Amino acid sequence: MIEYQVVRSRRKTLSLQVKRGHVVVRAPYHVDEKFINLFIQKKEAWLKAKITEQNQTVDLCCNFTQGSQLFLFGQLVSLNIIFTDSDEAANKQIQQQPDVFLSNVVNGQQDLNIVLPTRIQHKQLNELQLSAVVKKHIERYFKQQAQNILLPKVDYYAKLTQLNPTAIKIRQYRARWGSCNNKGELSFNYLLMMVPAQVIDYVVVHELCHLRFLNHSTYFWHLVAQYFPDYLEAKMWLKSNQSALHWHLPTNL
């Protein structure tokens, strides 16, 4: 029998949710445990498939520790944390590079190197604290990349569509890749640097099209398809990889 948690409320129907491999049943107050068990048994095959899927992708969620992986431009890269002392001549070459940089491809794999000063190591941070430091460096790197990549793409597609935003903001959002408000301002999530270039293009076109249709009507999707015909493929990539696109810090290391 699949283990599950029951959350009761004044709702009228039963619903199932699988989150991080755990099953949650949302049920009305009047529904008894026997009925819920039968409901779980009926959905057992679907639940097991969903739990397996989520357990397979949880390892791809970056926890910012040495050797952990994250998506960068649609490809998985491994984190390589480097401690260096600026006073050491042997480290001068590294010191001339940014504090976050990609290494050359070796056997089809790349490392994302995070260079930290030795004084961080001397502070004897625990793994959670060190992960937080690494995360801040990568966030800064992603934001810089987003400025360099997103703004030219918005400019290109704005000219192509003749849809011009009044302002563009780049920041991190927890649950959306971009947005458009009724003032004509576009906002983009700098975690878009995790996805392939064509998916970034889709998000840019999507938000620009909201300047004409501030909804998801048929007219809106026709406009998106006019300028980005492969939008369904881009949407599918985001949906298929969504479990690996969330950032979190480890809670127990």
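Colleague: At what angle do the axes of H5 and H6 cross?

Modeller: In this predicted model, the axes of helix H5 (residues 127-161) and helix H6 (residues 197-209) cross at roughly 55 degrees. The two axes come within 10 Å.

Colleague: What is the hand of the crossing where H5 passes H6?

Modeller: H5 passes H6 in a right-handed crossing.

Colleague: Which residues in H5 and H6 meet?

Modeller: From H5 there are Ile149, Leu150, Lys153, Val154, Tyr157, Ala158 and Thr161. From H6 they meet Ala197, Ile200, Asp201, Val204, Val205 and Leu208.

Colleague: And by class, what does the contact of H5 with H6 have?

Modeller: By class, that contact has 10 nonpolar residues, 1 polar residue and 2 charged residues.

Colleague: Moving on to the cores. How many residues are in the largest nonpolar core, and which touch the most other members?

Modeller: The largest nonpolar core has 53 residues. Leu70, Leu79, Leu112, Ile138, Phe142, Leu150 and Tyr202 touch the most other members.

Colleague: Which helices and strands each supply at least two residues of this core?

Modeller: On the strand side, E4 (69-72), E5 (75-84), E7 (111-117) and E10 (185-189) each do. On the helix side, H5, H6, H7 (218-227) and H8 (231-240) each supply at least two residues as well.

Colleague: Which gives the most to this core?

Modeller: H5 does, with 9 residues.

Colleague: What is tyrosine 202 in contact with, leaving aside its neighbours within four places in sequence?

Modeller: Tyrosine 202 is in contact with Trp221, Val224, Phe228, Tyr231, Ala234, Lys235 and Leu238.

Colleague: Different topic. Where is serine 15 found?

Modeller: Serine 15 is in strand E2, which covers residues 15-19.

Colleague: Which residues does serine 15 touch, not counting those up to four places away in sequence?

Modeller: Serine 15 touches Val24, Val25 and Arg26. Arginine 26 is 11 residues from serine 15 in sequence, and their C-alpha atoms are 5.2 Å apart in space.

Colleague: Now the whole chain. How many helices and strands does the chain have?

Modeller: There are 8 helices and 10 strands in the chain. Of its 253 residues, 41% count as buried.

Colleague: What about contacts between residues at least 6 apart in sequence?

Modeller: Among those contacts, 53% join residues at least 24 apart.

Notes
Residues are numbered from 1 along each chain as its sequence is written. This is a predicted model: local features need pLDDT of at least 70, side-chain atom pairs count only at pLDDT 80 or more; totals for chains, interfaces and linings use all residues. Side-chain values use heavy atoms; hydrogens and water are left out. Axes are lines fitted to C-alpha atoms, for helices over the stretch in contact, and angles run from 0 to 180 degrees between N-to-C directions. Helices (H or I, at least four residues) and strands (E, at least two) are DSSP runs, numbered from the N terminus. A crossing is left-handed if the near helix is turned anticlockwise from the far one by less than a right angle, and right-handed if clockwise. Contact means heavy atoms within 4.5 Å. Ala, Val, Leu, Ile, Met, Phe, Trp, Tyr, Cys and Pro count as nonpolar, Asp, Glu, Lys and Arg as charged, and the others, Gly among them, as polar. A nonpolar core is a set of buried Ala, Val, Leu, Ile, Met, Phe, Trp, Tyr and Cys residues joined through side-chain atoms within 4.5 Å. Buried means under 20% relative accessible area, exposed over 50%, partly exposed in between (1.4 Å probe, protein chains only).
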